[in-house]
Structure formats: structure tokens, C-alpha cells
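Dear colleague,

Please find below the structure that I am handing over to you. My notes on it follow.

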Amino acid sequence: RDVATLDIPGAFLHSDNDDKNVIMILKGLLGELMVKVAPQIYRKYLLANEKGEKILYVRMTKALYGMLKSALLFYKKLVSDLRSVGFEINP
């Protein structure tokens, strides 16, 4: 058997989030930037709190660094992809 190591940039972002109830809160400039990127999608969801700070709530469809399940979701995707092209998992 051969062994190799590699780094996959943005690895967790390749994995779909299987929990549809994960909400991220983007405050201030982050929320406003999302509206600038795609105003037709996000403008109607940009709110302001009692201090006037802009807030945008977004549902996570991809795994993200910092989510507890991200590593597991990526591992499952990686294993599935590798098996689909003929690789076997080391026991």
C-alpha cells in the first residue's frame, strides 16, 4: 500500500450541511457586504437591532470551519468520493 498526505483548501466547504437548522448571524459590515454581493437575495432579510446595528440571519447549506460536525461531514464525503473511484479504506 502507498500512503500520501495532502491539504485540501476550503475542505469543509465541499461538504453539504445535513442539518438544515444551523443559522449564522452576520452583524454589521458582514451583513451589509452580503447585501452588496447579492441584493436581490439578501436585502429583504437585512434587519437592524435596537442599537441600529445591521443583522443578517443566514441558513448554512455547507459545512463551515467552527461547526462541530464539519470534520465528520467532510470525512464522509471524502470517503464516498474515494470509494467511487476505486479506493479502499485502510482497516
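The chain carries 14 positive and 10 negative charges, whose mean positions lie 7 Å apart. Here Lys and Arg count as positive and Asp and Glu as negative, with His and the chain ends not counted; each charge is placed at NZ of Lys, CZ of Arg, CG of Asp or CD of Glu.

Please note that this is a predicted model, in which local features need pLDDT of at least 70 and side-chain atom pairs count only at pLDDT 80 or more, while totals for chains, interfaces and linings use all residues. Residues are numbered from 1 along each chain as its sequence is written, and side-chain values use heavy atoms, leaving out hydrogens and water.

The chain has three helices and three strands, arranged along the sequence as β-α-α-β-β-α; these are DSSP runs (helices H or I, at least four residues; strands E, at least two), numbered from the N terminus. The radius of gyration is 18 Å, well over the 12 Å that the globule rule gives for 91 residues, so the chain is more spread out than a compact globule. That radius is taken over C-alpha atoms, and the rule is 2.2 Å times the number of residues to the power 0.38. Along its principal axes, the C-alpha trace spans about 60 × 20 × 20 Å.

Of the 91 residues, 22% are buried, meaning under 20% relative accessible area (1.4 Å probe, protein chains only), with exposed over 50% and partly exposed in between.

Phe 74 contacts Ile 8, Ala 11, Phe 12 and Ser 15, leaving aside its neighbours within four places in sequence; contact means heavy atoms within 4.5 Å.

Yours sincerely
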